[in-house]
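Student: Could we go through this protein chain together, bit by bit? I'd like to ask things as they come up.
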Amino acid sequence: MKVLVVGCGKVGSNLAVQLCLEGHSVTLLDTRLQQMQDVINSFDVKGIIGDGTSHASLEEAGIADVDLLCAITGSDEKNLLCCLIARQMSNCRLVARVRNPIYSRESSIFRKSFDLAMIINPELAAASEISRVFRFPSAINISTFAKGRVELLKFRVPADSVLCGMKLADIRSRFRCDVLICVAERGSEVMIPSGDFEIRAEDRLSLIASPKDAGTFFSRIGINNNPVDSVLIVGGGTITYYLARQLINTGMKVRIIEVDEKRCHFLAEELPEAEVIMGDGTDEHLLLEEGIGRVKGFAALTGIDEENILVSLYAESVTDGDAKIVTKVNRITFNDVISKMSLGTIVNPKTLTAEYLLQYIRSVDESESSVENLYLLANGRVEALEFYIKEKSAVTDRPLQALDIREGVLIGKINRSSQLITPTGNTELRVGDSVVVIARTEEKLSSINDILKKRADR
């Protein structure tokens with residue numbers, strides 16, 4: 001697919017790289033050469049210097065032959081104008097980044113008026129992810145499938161856990177709950193483990209289960225899973241606005257520390273149920289004064305990664321690990337180093353944007369199945385996909401054990417007429433099923449048939 005990405009900020013550049021790694025032909029359009037330099041020098045991405053709202057620049061970028069245009073600049077208005085102009089020049093699919101809370105309430109109107117295939121709101125997506133982990137604090141990350149009936153939860157194994165030394169094959173019988181460990185991270189190593197995998201302390205495991213079974217599992221291994229009742233947030237940006245609204249709607253108490261006076265007034269007016277404090281969220285005395293040592297939920301959501309990391313580490317130290325901590329990291333790429341820090345759940349809005357776009361691109365593939373959901377796991381090295389099977393194919397109506405499934409591909413869960421099935425070798429896939437598949441990212445699954453080995457590999 002030919003993709004034109006307009007805007008080479010944090011989100012746009014990351015999106016261009018992800019699409020390039022997926023094998024798509026990518027062109028970046030931005031007025032700043034410096035912004036594009038690293039991407040076009042390191043990846044097979046074409047760079048064009050120009051303005052996305054300019055007819056001439058879009059023409060130079062080859063808009064007439066583009067399959068998909070993604071307007072990802074920092075201005076909502078510019079993104080919408082770019083799509084409006086592009087529509088006059090091309091029949092390509094249009095995607096716009098729209099972040100303003102005022103506009104987000106009218107997204108359906110924008111989609112229709114501007115003929116958009118999709119609207120991306122990274123901040124809203126990040127807020128929704130954070131909200132989920134505050135409601136299920138035992139998990140580092142939570143992804144949902146089958147309209148919420150299936151969850152994929154990532155957690156760290158404590159040093160004193162009953163899981164230490166146990167093999168995966170014994171978990172279901174030992175704890176009598178229907179859960180499947182589908183990804184294991186140990187240091188920098190990432191595995192889709194088999195049943196004889198032995199769990200160790202500090203392993204980061206991802207399990208797939210229904211919400212009820214996940215809750216039962218955490219309870220039986222001795223991990224407290226009560227939702228937090230109050231949250232302290234440092235930073236009053238757009239993510240904080242969306243997050244606070246969601247938390248307040250679930251009955252949580254919210255306090256926000258923001259340094260900018262004008263922004264404080266905005267938050268206080270828009271979020272009257274929240275307590276807004278004007279001050280520097282990196283000030284130790286202010287944090288202690290606001291009771292950081294007693295909070296059950298803490299989120300570092302400033303616009304500076306280093307500040308977020310610093311205050312999250314401080315929160316971890318003063319709460320003795322008794323609080324659910326969330327850290328926004330948008331720019332720093334030292335993933336292996338960051339994963340070893342006590343930063344709790346790490347949220348990266350630009351990665352979420354890539355997930356939504358990759359999900360959309362694969363879903364428009366006209367095949368016997370469509371991608372309903374896609375999540376990147378383990379720093380993008382593993383994918384969790386949900387396929388909806390629309391018609392019979394080489395994988396349907398045959399036992400899974402009879403299929404020549406690729407190594408590194410795992411069938412995690414089947415949703416059949418609202419009935420959840422954990423597959424065995426005798427299970428068959430049928431038309432109408434929603435199937436959750438875990439696979440290494442390099443497998444690039446776009447269709448349920450892609451779980452099979454290619455002829456050359458057999």
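Student: What share of the contacts with a separation of 6 or more comes from residues 24 or more positions apart?
Tutor: Residues 24 or more positions apart account for 60% of those contacts in the chain, where a contact means heavy atoms within 4.5 Å. Before we go on, please note that this is a predicted model, in which local features need pLDDT of at least 70 and side-chain atom pairs count only at pLDDT 80 or more, while totals for chains, interfaces and linings use all residues. Residues are numbered from 1 along each chain as its sequence is written, and side-chain values use heavy atoms, with hydrogens and water left out.

Student: OK, and how many helices and strands are there?
Tutor: The chain has 15 helices and 22 strands, taken as DSSP runs numbered from the N terminus, with helices being H or I of at least four residues and strands being E of at least two.

Student: How much of the chain is buried?
Tutor: Of its 458 residues, 55% count as buried, and here buried means under 20% relative accessible area, exposed means over 50%, and partly exposed is in between, using a 1.4 Å probe and protein chains only.

Student: Which residues touch the most others in the largest nonpolar core?
Tutor: In that core of 53 residues, they are F134, F155, L163, I171, L207 and F217; a nonpolar core is a set of buried Ala, Val, Leu, Ile, Met, Phe, Trp, Tyr and Cys residues joined through side-chain atoms within 4.5 Å. Helix 10, residues 238–249, gives the most to this core, with seven residues.

Student: And what does F217 touch?
Tutor: Not counting residues up to four places away in sequence, F217 touches F155, L163, I171, F175, C177, V179 and L207. Apart from this core lies another one, of 46 residues, including V39 and Y360.

Student: New topic: is A159 buried or exposed?
Tutor: A159 is exposed, because its relative accessible area is 63%, and A159 lies in the loop between strand 8 (150–156) and helix 8 (171–175). Leaving aside neighbours within four places in sequence, A159 is in contact with C164, A201 and E202.

Student: And I389, buried or exposed?
Tutor: I389 counts as buried, because its relative accessibility is 0%, and I389 lies in strand 19, residues 382–389.
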